[in-house]
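Dear colleague,

Please find the structure below, handed over for your use. A short account of the findings follows it.

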Amino acid sequence: RYGEILLSDPLHVDALHLSGLVRIHAGSFPRALPLLRRTLVLDPSFAEAVNHTGLAAMRVGRVPEALRLFKAKKLSPVELMEATIRRAEATKKKINALTFTHFDEAMDLAKKAEAKYAKGRKTGALEGLPIGIKDLEDAEGLLTTFGSPIFRDNVAAVDEGIVASCKQAGAIVLGKTNTDEFAMGSSTENSAYGVTHNPWAEDRVPGGSSGGSAVAVATGMSLG
């Protein structure tokens, strides 16, 4: 199931749906699942960024499509990670979706995933896919601040369950995504990292409390 959907909780669907970032014509999480499985939609400019590198077209950058291209050796985890990082760096100041990144470590893991595909070794359901983790969930070695300066030095010692499951499936955590402080809100703004902006309409919020995750996916900073 992890290969089909990267959203860790229904709040992500709320954030995507309510903000208008992704048009999900469904009123509930169960009804939205089939659509999300088929099209975990990214900003078309992300697909354009991938194309710009000379890689195979990914249409809207769907997770199943990326995995298919990996296995067909038409796209590598390293190439996708490079495009994703470029996208994150190009949009971070304007959008403010990511609170903490560790791109060097993510690239190292992408190289290991690339080697698995190249050698025809067994791969996980999410092998080589870049993802962001909401800044409420612990990821070993990364800050978990809950959007509060009180926890600005709180480095997680172990992975939380959902993070461990994604890693076990081969997903690569490239950073943490912004949230309302202690998840208490619906606009994704806090006193530690500030406001996450809706990339499509500056007069709208991106939803919350998972607005950082929604924006990261919608703008191609991560695949989930």
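**Surface patch, sheet and salt bridges**

F182 is placed in the loop between β3 and β4 (189-190); helices (H or I, at least four residues) and strands (E, at least two) are DSSP runs, numbered from the N terminus. This is a predicted model, in which local features need pLDDT of at least 70 and side-chain atom pairs count only at pLDDT 80 or more, while totals for chains, interfaces and linings use all residues. Residues are numbered from 1 along each chain as its sequence is written, and side-chain values use heavy atoms, with hydrogens and water left out.

With a relative accessible area of 39%, F182 is partly exposed (buried means under 20% relative accessible area, exposed over 50%, partly exposed in between; 1.4 Å probe, protein chains only). Together with I150, F151 and M184, F182 forms a nonpolar patch on the surface, with about 450 Å² of accessible area in total. Patches are made of residues with over 30% relative accessible area and no salt bridge, like charges being joined within 9 Å and nonpolar side chains (Val, Leu, Ile, Met, Phe, Trp, Tyr) within 5 Å. Accessible areas come from the Shrake-Rupley method with a 1.4 Å probe, and for residues only the protein chains shown count as cover.

Three strands make an open sheet in the order β1-β3-β2, with mixed pairing (two strands pair if DSSP finds at least two bridges between them). β1 (98-101) and β2 (130-134) are at the edges with a single partner strand each, so one side of each has no neighbour in the sheet. β1 and β3 (residues 172-177) pair in the antiparallel sense over three bridges, and T101 stands opposite G175 in β3.

The structure holds four salt bridges (a side-chain nitrogen of Lys or Arg within 4 Å of a carboxyl oxygen of Asp or Glu). One of them joins the side chains of K116 and E127 (3.6 Å, N to O). K116 is in helix α6 and E127 in the loop between α6 and β2, eleven residues apart. K116 is partly exposed at 24% relative accessibility, whereas E127 is buried at 8%.

Another salt bridge is formed by K176 and D135 (3.5 Å, N to O). Since K176 lies in strand β3 and D135 in the loop between β2 and α7 (161-168), the pair ties together parts that are 41 residues apart in sequence. Both residues, K176 and D135, are buried.

K167 and D159 also meet in a salt bridge (3.0 Å, N to O). K167 is partly exposed at 33% relative accessibility, and D159 is partly exposed at 23%.

Yours sincerely
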